[in-house]
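Subject: The structure I promised you

Hi,

Here is the structure I said I would pass on. Have it open while you read, and I'll walk you through what turned up.

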Amino acid sequence: MSKVYQATHVGKVRKNNEDAIIFIEPETFVVADGMGGQAAGEVASQMLIDITKNFLSAVPAPFHEDILKKAILKSNAAILREAENNPAYHGMGTTATILHIYNNRAYFAHVGDSRLYRLRNKIFEQMTQDHSYVEELVRRGEITEAEARVHPMKNILTQAVGAVEEISVDTASFPVENGDIFLLCTDGLTNMVDDENISEILLTSLNPAEDLIQAALDNGGIDNVSVMVVGVENL
């Protein structure tokens, strides 16, 4: 069983909230950050949420990583079709980070720069890898993590759901322990709040989702921000 906190906020600058989040029984958590002109980002992220929910409802648990990957690939195809049929949606896409916990194991599938973190024994670890231009520069050793946080091209994605026909979905699974805390979030959080402060809020807050969003707003809130915090207990 997990204790779940979730919240989303439009931020201080943008007019629309293009993020979408959902908790799907059993123990499945989805975060999506849409992009595209006008309201297209909202359409793409909501399509990802709806298609994932419908797909998983027809599949028996546990949802292994290959099942979560299929949900993202189905969403990718549907978003592409919608964009082809409606010129106003041309170029829309979304990130996708899906976590499923079953018994003592976690499974995830991921595209884009939304993130999944795990806090275990006070060690805060990013479990996903950003599909972004600056992350590639970091991996190649051309810039540091600190430089990546302020790089002018930090929001340029190398992969997004609905952007192209062929996408590569990152997947993995790993054991879960009592006391683990998982955080799924959009970059509206991670661009505004550093890992040390995020970890401190997760360890001390009575409502970590609301407090994480408030921290992002206090630091500028220049983007939509969405978080899902999952505390694992009673495995």
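A residue counts as buried when its relative accessible area is under 20%, as exposed when that area is over 50%, and as partly exposed in between. Glu27 has 13% relative accessibility, so Glu27 counts as buried. One thing to keep in mind throughout: this is a predicted model.

Stay with Glu27 for a moment. Glu27 sits in the loop between E2 and E3, and its phi is positive, about 50°, even though Glu27 is not a glycine. Pro26 lies in that loop between E2 and E3 as well, and the peptide bond from Glu25 to Pro26 is cis, with omega near -5°. Why point these out? Most residues other than glycine have a negative phi, and most peptide bonds are trans.

There are further examples of both features. The bond from Ala61 to Pro62 is cis, with omega near 5°, and Pro62 belongs to the loop between H1 and H2. Asn121 is a residue other than glycine with a positive phi, near 50°, and you'll find Asn121 in the loop between E7 and E8. Is Asn121 buried or exposed? With a relative accessible area of 67%, Asn121 is exposed.

Now for the inside. The largest nonpolar core has 30 residues, and the ones with the most contacts inside it are Val30, Leu56, Leu68, Ile72, Met92 and Val161. Two or more residues come from each of strand E2 (19-24), strand E3 (28-35), helix H1 (40-57), helix H2 (65-85), strand E5 (96-102) and strand E6 (105-111). Which element gives the most to this core? That is H1, with eight residues.

Leaving aside neighbours within four places in sequence, Val30 is in contact with Ala20, Ile21, Ile22, Ile24, Leu48, Ile49, Thr52, Thr97, Ile98 and Met228. There is also a second, separate core of 22 residues, which includes Phe124, Cys185, Ile198 and Leu217.

Next, the helix pairs. Two packed helices are described by the angle between their axes and the distance between the axes. For H1 and H2, the axes come within 9 Å and cross at roughly 135°. That angle makes H1 oblique to H2, and the crossing is right-handed. On the H1 side, the contact is made by Ala44, Met47, Leu48, Ile51, Thr52, Phe55 and Leu56. The H2 side brings several residues, including Ile67, Leu68, Ala71, Ser75 and Glu82.

The crossing of H6 and H7 is right-handed. Here Ile198, Ile201 and Leu202 of H6 meet Pro208, Asp211, Leu212 and Ala215 of H7.

H6 itself (residues 195-204) is worth a look down its axis. Ile198, Ser199, Ile201 and Leu202 are buried in this helix. Seen down the axis of H6, the buried residues fall within an arc of 160°, so they line one face of the helix. The face turned away from that buried side carries the exposed residues Glu196 and Thr204. What do the buried residues of H6 pack against? Their partners are strand E7 (115-120), strand E8 (123-126), strand E10 (181-185), helix H5 (187-190), helix H7 (208-218) and strand E11 (225-232).

Thr95 is in the loop between strand E4 (93-94) and E5, and its relative accessible area of 1% makes it buried. Not counting residues up to four places away in sequence, Thr95 touches Val31, Ala32, Asp33, Met35, Leu48, Val111, Gly112, Asp113, Ser114 and Leu157. Thr95 and His131 are 36 residues apart in sequence, and their C-alpha atoms are 9.3 Å apart in space.

Asn178 lies in the loop between strand E9 (170-175) and E10. At 49% relative accessibility, Asn178 counts as partly exposed.

Happy clicking!

Terms used: Residues are numbered from 1 along each chain as its sequence is written. This is a predicted model: local features need pLDDT of at least 70, side-chain atom pairs count only at pLDDT 80 or more; totals for chains, interfaces and linings use all residues. Side-chain values use heavy atoms; hydrogens and water are left out. Buried means under 20% relative accessible area, exposed over 50%, partly exposed in between (1.4 Å probe, protein chains only). Helices (H or I, at least four residues) and strands (E, at least two) are DSSP runs, numbered from the N terminus. The arc is that of the directions from the helix axis to the C-beta atoms. Contact means heavy atoms within 4.5 Å. A nonpolar core is a set of buried Ala, Val, Leu, Ile, Met, Phe, Trp, Tyr and Cys residues joined through side-chain atoms within 4.5 Å. Axes are lines fitted to C-alpha atoms, for helices over the stretch in contact, and angles run from 0 to 180 degrees between N-to-C directions. Angles under 35 degrees count as roughly parallel, over 145 as roughly antiparallel, 65 to 115 as roughly perpendicular and the rest as oblique. A crossing is left-handed if the near helix is turned anticlockwise from the far one by less than a right angle, and right-handed if clockwise.
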